[in-house]
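Please open the structure in a viewer and keep the selection tool at hand.

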Amino acid sequence: MTEIPLILHVAPRSGNCHKVELFLSILGVPYRTATHDYTPADLKSQAFRAKNPRGQVPVLEIGDNVIWDSQAILVYLARAHGGEGWLPSDAAAMAEVMQWLALSANEHLFGLAQVRIMRRYRHGNEPLVLTVLERALALAARGLETMERRLARAPWLALDRPTIAEMACFTYPALHREAEIDLAPYPATRAWLGRVRALPGFKTMEGID
Ligand SMILES: N[C@@H](CCC(=O)N[C@@H](CS)C(=O)NCC(=O)O)C(=O)O
């Protein structure tokens with residue numbers, strides 16, 4: 001059986017790309033890289049957004065499968081190439097590993113990585129100091145746009161059925177009124193909120209209409 005070649009989309013000095021290259025190297029899995037730059041013409045192009053709606057690296061292509069997000073790529077590689085060792089399927093052990101991926105995706109990305117960018121690699125004319133609200137609004141829009149792109153062509157976020165991706169991504173968009181964020185530009189996401197609400201056993205909370 002011929003191996004499907006792995007293509008890892010990267011950009012210079014990206015710590016998130018390094019996480020993946022580190023693991024590929026430890027696993028001894030062969031791959032080739034496609035290097036991008038941080039200009040809107042590259043990472044924010046329609047062609048690249050078709051691979052990653054967030055317009056970010058890393059992205060891993062395995063034939064027709066395209067995976068974005070360093071945490072998701074690590075999970076894929078661990079299960080596809082690492083057996084039970086790097087990401088066990090035992091419920092408690094899997095959750096213990098996932099806690100640290102969550103820390104990497106939150107505190108490290110929005111703490112250490114942001115401080116590094118601000119102190120060293122601020123690109124172009126991006127203002128150094130955005131208010132906390134401006135930064136949060138930009139991230140909110142990127143999250144909602146990413147969901148909208150997927151939900152415009154599929155009923156559920158990850159697979160052809162509800163998964164824990166729905167559990168993870170429902171609540172804050174559903175609380176948009178409290179955040180004073182208008183969901184009018186996101187019709188597919190609004191329809192999806194309705195589908196999640198219709199799941200058997202759905203439980204609401206104050207602030208969700
Ligand atoms: N949560 C994402 C974050 C990816 C990320 O922040 N990538 C940076 C490079 S390290 C990027 O593409 N920045 C360009 C941009 O956000 O426009 C992941 O873990 O892959």
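With which residue does Asp 69 form a salt bridge? Select Asp 69 and Arg 54: they form a salt bridge, with their closest N and O atoms 2.7 Å apart. A salt bridge is here a side-chain nitrogen of Lys or Arg within 4 Å of a carboxyl oxygen of Asp or Glu. Asp 69 lies in the loop between β4 (65-68) and α3 (70-81), and Arg 54 in the loop between α2 (46-51) and β3 (59-62), so the pair links distant parts of the chain, 15 residues apart. Helices (H or I, at least four residues) and strands (E, at least two) are DSSP runs, numbered from the N terminus.

This is a predicted model, in which local features need pLDDT of at least 70 and side-chain atom pairs count only at pLDDT 80 or more, whereas totals for chains, interfaces and linings use all residues. Residues are numbered from 1 along each chain as its sequence is written, and side-chain values use heavy atoms, with hydrogens and water left out.

Arg 54 is partly exposed, with a relative accessible area of 26%. Buried means under 20% relative accessible area, exposed over 50%, and partly exposed in between (1.4 Å probe, protein chains only).

Next, select Arg 197 and Asp 209. Their side chains meet in a salt bridge of 3.7 Å, N to O. Arg 197 belongs to helix α8 and Asp 209 to the segment after α8, so the pair ties together parts 12 residues apart in sequence. In total, the structure holds 6 salt bridges.

Now display helix α8 (residues 187-197) together with helix α5 (residues 132-151). The two pack at an angle of about 80°, with their axes 8 Å apart; axes are lines fitted to C-alpha atoms, for helices over the stretch in contact, and angles run from 0 to 180 degrees between N-to-C directions. The helices α5 and α8 are therefore roughly perpendicular (65 to 115 degrees). On the α5 side, the contact (heavy atoms within 4.5 Å) is made by Leu 144, Met 147, Glu 148 and Leu 151. On the α8 side, the contributors include Trp 192 and Arg 195.

Finally, select Val 29, in the loop between α1 (15-27) and β2 (32-35). Val 29 is buried, at 11% relative accessible area. Not counting residues up to four places away in sequence, Val 29 touches Leu 6, Leu 24 and His 81.

Methods
Angles under 35 degrees count as roughly parallel, over 145 as roughly antiparallel, 65 to 115 as roughly perpendicular and the rest as oblique.
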